[in-house]
Amino acid sequence: MKIFGKSDKWMVMMTIAGMMLLTGCGKSAHEGEGTSGESKDAKAVLTQQVASPVKSESAENESDGEDDTVYEGLLATTSDWKKTPITVSPKGSKANIEDFAQAFCSQYSRFEPNKKMLKYLADPKSYNKEKEIYDVKSSVPNGYICSVLWTEIDRYTKMCYWNRKNGHQLVGIFMVNGSENTNAEAVFMFYDYDQKTNIMTPDMNVCKVVEKVAIDKNFEEYALVLPEQGKDIVVNLYSDNGDDGYNMTEKTLKWTGDSFAPVGK
């Protein structure tokens with residue numbers, strides 16, 4: 001799965017995105033996969049420190065009746081998530097990934113990728129990726145959804161869920177808020193969903209398991225690859241190779257039916 005750099009789709013969409021950006025929507029590119037030796041300037045610097053307030057590029061151009069000028073950092077915006085259960089309103093007999101996304105993104109709608117995901121969910125057929133400069137991909141059968149900005153700046157929300165042995169679902173979210181001028185912010189969240197109450201409750205036990213692997217002092221940066229298919233999480237850890245580039249170490253968190261367990265060292 002691609003995380004840093006440019007994706008293959010960028011080559012296809014360059015002309016369309018370039019025309020859009022001439023009207024003032026910002027710089028264009030895509031997220032992609034980082035490789036050993038790539039310049040560090042080509043990828044986001046993910047940090048657990050609160051970045052300086054950043055104004056969203058598209059906020060300068062959108063006007064949908066809301067105050068689109070967002071200065072809060074991602075970490076500041078989501079700082080209370082550990083204390084905030086979220087109520088889900090399933091459209092069918094059982095909640096699916098789009099129901100989870102609707103509930104979560106409504107709770108944190110000031111983050112631009114979440115706002116774009118809500119716009120997509122409101123009317124998928126009329127959602128215009130080229131106009132929005134955001135690609136929203138939903139796979140209900142695989143329990144996966146994402147909203148990704150089409151620029152060199154990494155800004156996205158990715159979500160998936162797992163069925164637990166006790167009949168609950170574990171919902172996972174990974175968000176990145178990049179910036180041209182400051183270090184990017186990265187946030188991951190996990191919720192336990194009980195279909196009897198329709199409530200997503202923050203699951204700190206799972207967060208601690210993931211944190212032990214992702215937040216490693218031996219590495220400068222990290223990215224979580226939530227599964228579009230399968231059940232395991234891949235953690236990409238990045239370190240400076242001393243040659244204006246970086247090396248990537250890949251670790252796997254194996255799904256146990258309730259939580260995750262590191263594979264190997």
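Me: Before I look at the rings, what makes two of them pair here?
Reply: Rings of Phe, Tyr and Trp, the last taken by its six-membered ring, pair if their centres lie within 6.5 Å. Bear in mind that this is a predicted model.

Me: OK, which residues do ring pairs link into a cluster?
Reply: Ring pairs link Tyr156, Trp162, Phe174, Phe188, Phe190, Tyr222, Trp255 and Phe260 into a cluster. One of these, tyrosine 156, also has the charged end of lysine 158 sitting over its ring, at 4.5 Å from the ring centre.

Me: And how many aromatic pairs in the whole structure?
Reply: A search of the whole structure gives 16 aromatic pairs. One of them joins phenylalanine 100 and tyrosine 193 in an edge-to-face arrangement, with 4.9 Å from centre to centre and 70 degrees between the planes.

Me: What does that pair tie together?
Reply: Phenylalanine 100 belongs to helix H3 (residues 97–107) and tyrosine 193 to strand E7 (residues 184–194), so the pair ties together parts that are 93 residues apart in sequence.

Me: Are phenylalanine 100 and tyrosine 193 buried or exposed?
Reply: Phenylalanine 100 is buried, and tyrosine 193 is buried as well. Another edge-to-face pair is formed by tyrosine 238 and tyrosine 246, where the centres are 5.1 Å apart and the planes stand at 70 degrees.

Me: Why do tyrosine 238 and tyrosine 246 count as buried?
Reply: Buried means under 20% relative accessible area; tyrosine 238 is buried because its relative accessible area is 1%, and tyrosine 246 counts as buried because its relative accessibility is 0%.

Me: Switching to strands: in what order do the four strands of the open sheet come?
Reply: The order is E9-E10-E11-E12, and the pairing in this open sheet is antiparallel. Strand E9 (221–225) and strand E12 (260–262) are at the edges with a single partner strand each, so one side of each has no neighbour in the sheet. On average, and with direction ignored, neighbouring strands of the sheet are turned by 30 degrees against each other.

Me: How many bridges join E10 to E11?
Reply: Eight bridges join strand E10 (residues 233–240) to strand E11 (residues 246–255), and the two run antiparallel. Asparagine 236, for its part, stands opposite glutamate 250 in E11.

Me: Last topic, the largest nonpolar core: which residues touch the most other members?
Reply: That core has 66 residues, of which Phe100, Phe104, Phe174, Phe190 and Tyr191 touch the most other members. The largest share of the core comes from E7, which contributes eight residues.

Terms used: Residues are numbered from 1 along each chain as its sequence is written. This is a predicted model: local features need pLDDT of at least 70, side-chain atom pairs count only at pLDDT 80 or more; totals for chains, interfaces and linings use all residues. Side-chain values use heavy atoms; hydrogens and water are left out. Rings of Phe, Tyr and Trp (its six-membered ring) pair if their centres lie within 6.5 Å; planes under 30 degrees apart count as stacked, over 60 as edge-to-face and the rest as tilted. Buried means under 20% relative accessible area, exposed over 50%, partly exposed in between (1.4 Å probe, protein chains only). A charge sits over a ring if NZ of Lys or CZ of Arg is within 6 Å of the ring centre and within 35 degrees of the ring normal. Two strands pair if DSSP finds at least two bridges between them. Axes are lines fitted to C-alpha atoms, for helices over the stretch in contact, and angles run from 0 to 180 degrees between N-to-C directions. A nonpolar core is a set of buried Ala, Val, Leu, Ile, Met, Phe, Trp, Tyr and Cys residues joined through side-chain atoms within 4.5 Å.
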